[in-house]
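Have a go at each task before you read its solution.

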Amino acid sequence: MATILQGQCRVYYAFDIGYEVQLDQLQQLVDATPVPPLSRKKQTPPYLQYTKPPRVLPLGAAPETLLGDGIVQATIFDFGGLSLSYQWTIPPSAGWTIEDLPRLSQQLHQMGLESHAQASATRLMETLAPAILRPGLDPLVEDYYLFILERLSEEISGDELLRRYRPHLAQTLRFEVLPLSRHQQEEALSQSISYYENDLALIDWNGAILYDPDYEDSANVLEFLNVELLEARYVDAQLDRRLLEYGPLPPKPRFAPIPFRNPYARQIEDLAEWKAEYLLLNERIDNSLKLIGDLYLARLHTAAARRFYLQEWNLIIARKLEIIDDLYQMLTDRVQAFQSQMLELIIILLILVELMLALVAKP
C-alpha cells in the first residue's frame, strides 16, 4: 500500500471575462506576477513558451476539505480567459494512500465549488474591469480536477503504479467510490503518457492524475487547455445566439426609392464583423502557447485535447462560420443582382428619353 508523502489536489474553473485583457494595464491595478516560463526539463526547447505570459494573482483561502485548508489563485490570459485554481496540499502526516483517492475526488466533485468560483470571479472582475476591453463575465464555466502525486512511500515506476492501482486510479478520475467495470477502467485510463520511467500522466475528460515530482509545466498545460475548451464553448454559444438573433433574412428588394442604395448594409457589416471577431479570438488563443512536435508537453496537450473533444468543438465552430460566409455571400449576391437590374432600368429609361427628345425635336 503506497502512502502519499507529497501531493496536491487542484480544481480549475475557467471563465470568459471580456474580449481582451491589457496585461500591462493589469499590473497597475493588482499585484500579479507572470506565469514562469516552461522549464528546460524533458527536452523543452526555448521557443515553446507563452507568447504573452498570463498573470497569476493570489485570492486567499479556499474552502476546507478533507485535506484541510487550501488556497485560491487566479490566472488571467490576454485573450479574455480567467482560470481560478483551488489548491490543497495532501498532508504527509495524515497517511493518505492511493486507495483513498477515490473518496477524496468524490468529495471535491460534490462540494459545489462552482458558486464559490462564480462569486470570486465576479469580485475580481470589478477590480480588473479598467484593464479589460468589453468586460463581462459570461455565465459559462468549465471545471477540471487534477490530482498530483509528487512522492510516494515506495519507489515505483509509472507502469507499476498503473498496474497495481488501476481500479483506484480509474475511480479517482470518474469521482466514484464503487468499483468500476473493466470497460470503464479502460476508458478512463486510455490516455496515459510517460517521459521518465518514474512518472505518469493519466488524462481523462474531467480530471487528470500526474505522478511526477516535476509536475508544474504539465499542470499549466492542463489549466490552459481547460480555458481553451471554455473559450471554444463560449464562441459556439455566441455564434448560436447571434445567428438566432439574426432571424429570417429580409425579403428581396423589389423597388428602392434611392437607386443603388444597399438594403442589406447593416446585415452584411454585422456578418463581416462577427467572423473577423471570432477568427481573431481563435488566433489569439492558438498563439498564446505554442506546443509543436513530438515533445512531452506537446503530446500531453494532444492527448488532453482529444479527451476534451476540442477538435469536435472546432469543427462545429468552423461549420457555423461557414454559415455566416454563406449568408454574407447570399446577401452580397442579392445586392449585386438588384443593382444590376437598377442599372439596366436606368439605361433603358435614358434610351427612351433620348428617343422622345429626338421625336420632339424632329420637324
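**Exercise 1. A pocket and its lining**

How many residues line the second largest pocket, and which of them lie nearest its centre?

*Solution.* Before you start, note that this is a predicted model, in which local features need pLDDT of at least 70 and side-chain atom pairs count only at pLDDT 80 or more, while totals for chains, interfaces and linings use all residues. Residues are numbered from 1 along each chain as its sequence is written, and side-chain values use heavy atoms, with hydrogens and water left out.

Step 1. Read off the lining: 14 residues, with D16, Y19, R134, Y234 and E277 nearest the centre.

Step 2. Find the contributors. Helices α7 (216–246) and α8 (265–288) each supply at least two lining residues, and α7 gives the most, with four. (Helices are DSSP runs of H or I with at least four residues, strands are runs of E with at least two, and both are numbered from the N terminus.)

Step 3. Look at R134 again: this residue sits in the loop between β7 (132–133) and β8 (142–152), and its phi is positive, about 50°, although it is not a glycine.

**Exercise 2. Two helices**

Describe how α2 and α5 are placed relative to each other.

*Solution.* Step 1. The axes of α2 (residues 101–109) and α5 (residues 166–174) come within 8 Å and cross at roughly 5°; axes are lines fitted to C-alpha atoms over the stretch in contact, and angles run from 0 to 180 degrees between N-to-C directions.

Step 1. That makes α2 roughly parallel to α5, a label given to angles under 35 degrees.

Step 2. In the contact (heavy atoms within 4.5 Å), L101, P102 and S105 of α2 meet H168, Q171 and T172 of α5.

Step 3. Beyond this, F175 lies in the loop between α5 and α6 (182–188) and has a positive phi of about 60° without being a glycine.

**Exercise 3. An aromatic pair**

What geometry does the pair of F79 and F224 have?

*Solution.* Step 1. The structure holds nine aromatic pairs, meaning rings of Phe, Tyr or Trp (its six-membered ring) with centres within 6.5 Å.

Step 1. F79 and F224 are 6.4 Å apart, centre to centre, with 80° between the planes, hence edge-to-face, the label for planes over 60 degrees apart.

Step 2. F79 is in the loop between β5 (68–76) and β6 (81–90) and F224 is in helix α7, so the pair ties together parts 145 residues apart in sequence.

Conventions:
On a 1 Å grid over the protein atoms alone, a cavity is a set of points where a 1.4 Å probe fits but cannot get out, and a pocket is an open set with protein on both sides within 12 Å along at least five of seven lines; lining residues have an atom within 4 Å of a point. Angles under 35 degrees count as roughly parallel, over 145 as roughly antiparallel, 65 to 115 as roughly perpendicular and the rest as oblique. Rings of Phe, Tyr and Trp (its six-membered ring) pair if their centres lie within 6.5 Å; planes under 30 degrees apart count as stacked, over 60 as edge-to-face and the rest as tilted.
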